[in-house]
Amino acid sequence: MITPGETIGILGGGQLGRMLAKAAAQLGYRVHVYAPEPDSVAAEVCAQFTCAHWDDTAAMADFAADCAVVTYEFENVPVPPLRALGQVPLYPNARALEVAQDRVNEKEFVEQFGGHCAPWMAVDTAEDLNDALIRIGSPGILKTRREGYDGKGQWRIAYDHEAEGIALGGQAMVYEGLVSFAAEFSVILARGQDGTIVFWDSAENVHEGGILARSTVPAGPLVSAQVDQARDLARQIADALDYVGVAAFEFFAGEDGPIFNEMAPRVHNSGHWTIEGAVTSQFENHIRAICGLPLGDTRLAATRVEMRNVIGDAAEDWAAILSDPANHLHLYGKAAARPGRKMGHVTRLTF
Ligand code: AMP
């Protein structure tokens, strides 16, 4: 067990790291953030900040020397430099990163457990894309295998001929058939070091332009009918990875059951509602899990919870939002608003 007072290392300096650091502080831990960006918003709420590139193994080793345990808030942390962590435990482990960093690895892994994905094909060349269009057809989405997020690194192909203009540029891609779904949802679990798994209620998620806009709990009847099957798959994946911490699994509610979209080996935007909307938040349970502490109660703390993201530079009246006692405002302290950038979120509870 990592005792309160010891130091938790967090790789990545975004808002997820910031919210993890706050949960760690509540339990008496000291936090050391490691991130390449000098303006990391997690760095503002931690005891120590190392600003260094991922492949700076000397900086990584110094960071590790200060930490009792290391975790990450960003799934694209490159795996090879993590060897510099030496004997310091990394939770979730590097295997979880390797699976989730590559869309093809992830789909192959999930299919081993009977998970259903949208029809897909790996695409490395223009001929592969042509083959994929013959086999799977349009409409579909071409996605980079690595490093895409919030709809970045994705090209929608409505008709086959649109594929002609896409320059693959030697990047490894995957082509997926477009799923016609009635709803999207996520399964979020926390798995402890002893293998105990707890789930939060599944949120029904609405994306706009590939970016999460809103998560609502409880989900509607269509999603609710598919949650058990999706949880079974998530549990098998977490057990197979000997996963420790919070993981999120995103699904489409298809006509014939849940269709796996992707997993995140970390706390997730569609779980932000748990800060006020559940007895124990995803952030606190992640900290508890990686420190070897018992997991907290995940039950709903309200009858209905709605989380909406504050995205880009839309001017909002914060005072007006806060004047409604049902609202809880979280702003991430990002200096520059860019289109599509997540600046904060508002959680609304109904009792
Ligand atoms: P992703 O980055 O893969 O999670 O995609 C972001 C969002 O784009 C998803 O949550 C969906 O709303 C949409 N999307 C991605 N892949 C597909 C697909 N194969 N079929 C339909 N919609 C998709």
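This report walks through the ligand site, a few strands and helices, and some backbone details of the structure above.

## About the model

This is a predicted model, in which local features need pLDDT of at least 70 and side-chain atom pairs count only at pLDDT 80 or more, while totals for chains, interfaces and linings use all residues. Residues are numbered from 1 along each chain as its sequence is written, and side-chain values use heavy atoms, with hydrogens and water left out.

## The ligand and its shell

Let's start with the ligand. It is surrounded by 16 residues, and the closest are K143, Q154, V179, E184 and E262; a residue belongs to these surroundings if one of its heavy atoms lies within 4 Å of the molecule. By type, the shell divides into 5 nonpolar, 5 polar and 6 charged residues. Here Ala, Val, Leu, Ile, Met, Phe, Trp, Tyr, Cys and Pro count as nonpolar, Asp, Glu, Lys and Arg as charged, and the others, Gly among them, as polar.

Which strands each supply at least two residues of the shell? They are β6 (140-144), β7 (154-157), β8 (173-177) and β14 (257-264). Strands (E, at least two residues) and helices (H or I, at least four residues) are DSSP runs, numbered from the N terminus. The ligand lies between domain 2 (119-177) and domain 3 (183-350), because both give residues to the shell; the domain bounds come from an automatic or database domain assignment.

## Polar atoms around the ligand

A polar side-chain atom of E176 is 2.9 Å from a nitrogen atom of the ligand, and a backbone N or O atom of V179 is 2.8 Å from a nitrogen atom of the ligand. On the side chain of H207, an N or O atom lies 3.3 Å from an oxygen atom of the ligand. The protein buries 96% of the 470 Å² that the ligand exposes when taken alone, with areas from the Shrake-Rupley method with a 1.4 Å probe.

Q154, one of the closest residues to the ligand, sits in strand β7. Its relative accessible area is 26%, so Q154 is partly exposed. For these labels, buried means under 20% relative accessible area, exposed means over 50%, and partly exposed is in between (1.4 Å probe, protein chains only). In sequence, Q154 and A253 are 99 residues apart, and their C-alpha atoms are 21 Å apart in space.

## Strand β12 and its partners

Strand β12 (residues 211-217) is mostly covered, with 6 of its 7 residues buried. It pairs in the antiparallel sense with strand β11 (residues 203-208) over 5 bridges; pairing requires that DSSP finds at least two bridges between the strands. Within this pair, E204 stands opposite T216. The hairpin of β11 and β12 has 2 residues between the strands, and G209 takes a positive phi near 60 degrees there.

Strand β15 (residues 304-311) also runs antiparallel to β12, joined by 4 bridges, and R308 in β15 is the bridge partner of R214. Back in β11 we find N205, which counts as buried because its relative accessibility is 4%. The side chains of N205 and S186 are joined by a polar contact of 3.0 Å. A polar contact is a pair of N or O atoms within 3.5 Å; within protein, one must be able to donate a hydrogen and the other to accept it, and residues adjacent in sequence count only if both atoms are side-chain atoms.

Is helix α9 (residues 282-290) largely enclosed or open? All of its residues are buried, 9 of the 9, so the helix is largely enclosed by the rest of the structure. At the start of α9, a side-chain oxygen of S281 reaches to within 3.2 Å of the backbone nitrogen of F283. After α9 comes G292, with a positive phi near 75 degrees.

H345, in strand β17 (residues 342-350), has 0% relative accessibility and therefore counts as buried. Its side chain makes a polar contact of 2.6 Å with the side chain of Y332.

## Backbone details in loops

Two cis peptide bonds deserve a mention. One joins Y91 and P92, with omega about -10 degrees, and P92 is in the loop between β4 (69-72) and α3 (94-101). Another joins S138 and P139, with omega about 0 degrees; P139 is in the loop between α5 (126-135) and β6.

D242 has a phi near 45 degrees, a positive value in a residue other than glycine. The loop between α7 (227-240) and β13 (245-254) holds D242, which counts as partly exposed because its relative accessibility is 49%.
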